[in-house]
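Here is a short report on charged side chains and their surroundings. Please look over the structure first.

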Amino acid sequence: MKIAVSACLLGHNCKYNGSNNQNQMVLDYVTSHEVVPVCPEQLGGLPTPRVPAEIVNGVVTNAEGECVDTQFRRGARRALDIVQRAGVDCAILQPRSPSCGSHQIYDGSFSGTLIDGEGVFAALLREHGIQVLEPDELG
């Protein structure tokens, strides 16, 4: 099975603050699978580190008020292309991210408040019939 994984979960330092979200449960789960690491935000041309971003009224905006929606959506499309070309069966994505969150995202107030929703990449994957999981859903 081929699995796309948020690169930060694999230990790649691509998180907005320059660090990662390495997750041992994810690393253990994917050892017997072919892994396709993706970071839609970097693929969209955003630097690492970068100003944190949230979805504000449907538009990805950073904490300085700058619209970064174009970069997030470009990165999501590029990541989708990589995933489709690789023949990925499912994706394990970083929770709460404006790109990869699949159940909840931050509400756009930059206060740490979560709401039901999904990031732009997670939504695009689902629109194209690719199953999206978060690390806590691994069995």
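Does D81 count as buried, partly exposed or exposed? At 33% relative accessibility, D81 counts as partly exposed. Here buried means under 20% relative accessible area, exposed means over 50%, and partly exposed lies in between (1.4 Å probe, protein chains only).

This is a predicted model, in which local features need pLDDT of at least 70 and side-chain atom pairs count only at pLDDT 80 or more, while totals for chains, interfaces and linings use all residues. Residues are numbered from 1 along each chain as its sequence is written, and side-chain values use heavy atoms, with hydrogens and water left out.

**Salt bridges**

A salt bridge is a side-chain nitrogen of Lys or Arg within 4 Å of a carboxyl oxygen of Asp or Glu. The count by this rule is 4 salt bridges. The table lists some, including the one that D81 makes.

| E41 | R50 | 2.8 Å |

E41 and R50 are both buried.

D69 and R73 sit in helix α3, which spans residues 69-86. They are 4 residues apart, about one turn of the helix. Helices are DSSP runs of H or I with at least four residues, strands are runs of E with at least two, and both are numbered from the N terminus. D69 is buried, at 13% relative accessibility. R73 is partly exposed, at 31%.

D81 and R85 also belong to helix α3. Because they are 4 residues apart there, about one helical turn separates them. R85 is exposed, with 70% relative accessibility.

**A buried charge without a bridge**

E134 lies in the segment after β8 (131-133). E134 is buried, yet has no salt bridge. What is the nearest side chain of opposite charge to E134? It is R96, 5.9 Å away. Lys and Arg count as positive and Asp and Glu as negative, while His and the chain ends are not counted.

Leaving out residues up to four places away in sequence, E134 touches I92, L93, P95, R96, G101, S102 and H103. Contact means heavy atoms within 4.5 Å.

**An exposed loop residue**

N57 lies in the loop between β3 (53-56) and β4 (59-62). N57 is exposed, with a relative accessible area of 79%. N57 and G108 are 51 residues apart in sequence. In space, the C-alpha atoms of N57 and G108 are 7.5 Å apart.
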